[in-house]
Amino acid sequence: MKEEKIVLKTEFITLNQLLKLAGASSNGAEAKYMILDGKVKVNGEIEIRRGKKIRVGDYVEVAETIYRIE
């Protein structure tokens with residue numbers, strides 16, 4: 001499994017925005033369906049809320065990649 005670090009410059013980022021920023025999805029619609037289809041885990045649990053706030057210390061798992069938030 002590949003790991004990447006994402007550095008936040010704000011207090012939080014929504015899950016939908018994070019997927020676009022990280023390049024895991026090419027646009028908002030693709031990110032939305034990845035989340036709704038249960039293909040995204042936050043801190044080890046499937047997350048289906050696009051607006052879930054992701055903060056420093058969280059990690060997001062998508063398609064064999066873990067994004068660690070710093």
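This is a predicted model: local features need pLDDT of at least 70, side-chain atom pairs count only at pLDDT 80 or more; totals for chains, interfaces and linings use all residues.
Is Lys 5 buried or exposed? Its relative accessible area is 62%, and because anything over 50% counts as exposed, Lys 5 is exposed. The side chain of Lys 5 meets that of Glu 70 in a salt bridge, with 3.6 Å from N to O. The two partners sit in distant parts of the chain: Lys 5 belongs to strand β1, Glu 70 to the segment after β7, and 65 residues separate them. Glu 70 has a relative accessibility of 40%, so it counts as partly exposed.

Another of them joins Glu 3 to Arg 68, whose closest N and O atoms are 2.9 Å apart. Find both residues in the structure: Glu 3 lies in strand β1 (residues 2–6) and Arg 68 in strand β7 (residues 65–69), so this pair ties together parts that are 65 residues apart in sequence. Both ends are partly exposed, Glu 3 with a relative accessible area of 47% and Arg 68 with 32%.

A further salt bridge is formed by Arg 49 and Glu 47, and here the closest N and O atoms are 2.7 Å apart. Glu 47 is found in the loop between β4 and β5 (53–54). Is Glu 47 buried or exposed? With a relative accessible area of 10%, Glu 47 is buried, because the cut-off for buried is under 20%. Its surroundings can be listed too: setting aside residues up to four places away in sequence, Glu 47 touches Leu 15, Ile 35, Val 40, Lys 41, Val 42 and Lys 52.

## Charges over rings

Now look at the aromatic rings. How many aromatic pairs does the structure hold? The number is zero. Two rings do have a charged residue over the face, though. Lys 53 lies over the face of Phe 12, at 4.6 Å from the ring centre. Arg 68, the salt-bridge partner of Glu 3, lies over the face of Tyr 59, at 5.1 Å from the ring centre.

## The sheet

Five strands make up an open sheet, in the order β1-β7-β6-β3-β4 and with mixed pairing. Which strands are at the edges? They are β1 and β4 (45–46), each of which pairs on one side only.

Follow strand β6 (residues 59–62) through the sheet. Its link to strand β3 (residues 40–42) is antiparallel and consists of three bridges, with Val 40 standing opposite Val 62 of β6. Strand β6 also runs antiparallel to β7, joined by four bridges, and Val 60 has Tyr 67 in β7 as its bridge partner. The hairpin of β6 and β7 has two residues between the strands, and in it Ala 63 takes a positive phi near 45°.

In a regular strand, side chains alternate between the two faces of the sheet. Which residues of β6 are on the covered face? They are Val 60 and Val 62, while Tyr 59 and Glu 61 are on the uncovered one.

## The nonpolar core

Val 60 and Val 62 turn up again in the largest nonpolar core, which has 17 residues. They are among the residues with the most contacts inside it, together with Leu 15, Leu 18, Leu 19, Val 40 and Ile 54. Which elements give two or more residues to this core? They are α1 (15–22), α2 (28–36), β3, β6 and β7. Helix α1 gives the most, with four residues.

Leaving aside neighbours within four places in sequence, Ile 54 is in contact with Leu 8, Phe 12, Ile 13, Thr 14, Leu 15, Leu 18, Val 42, Val 60 and Ile 69.

## A buried threonine

One of those contacts of Ile 54 is Thr 14, which is found in strand β2 (residues 13–14). Is Thr 14 buried or exposed? Its relative accessible area is 18%, and since the limit for buried is under 20%, Thr 14 is buried. Apart from neighbours within four places in sequence, Thr 14 is in contact with Arg 50, Gly 51, Lys 52 and Ile 54.

Note on methods. Residues are numbered from 1 along each chain as its sequence is written. Side-chain values use heavy atoms; hydrogens and water are left out. Buried means under 20% relative accessible area, exposed over 50%, partly exposed in between (1.4 Å probe, protein chains only). Contact means heavy atoms within 4.5 Å. Rings of Phe, Tyr and Trp (its six-membered ring) pair if their centres lie within 6.5 Å; planes under 30 degrees apart count as stacked, over 60 as edge-to-face and the rest as tilted. A charge sits over a ring if NZ of Lys or CZ of Arg is within 6 Å of the ring centre and within 35 degrees of the ring normal. A salt bridge is a side-chain nitrogen of Lys or Arg within 4 Å of a carboxyl oxygen of Asp or Glu. Two strands pair if DSSP finds at least two bridges between them. A nonpolar core is a set of buried Ala, Val, Leu, Ile, Met, Phe, Trp, Tyr and Cys residues joined through side-chain atoms within 4.5 Å.
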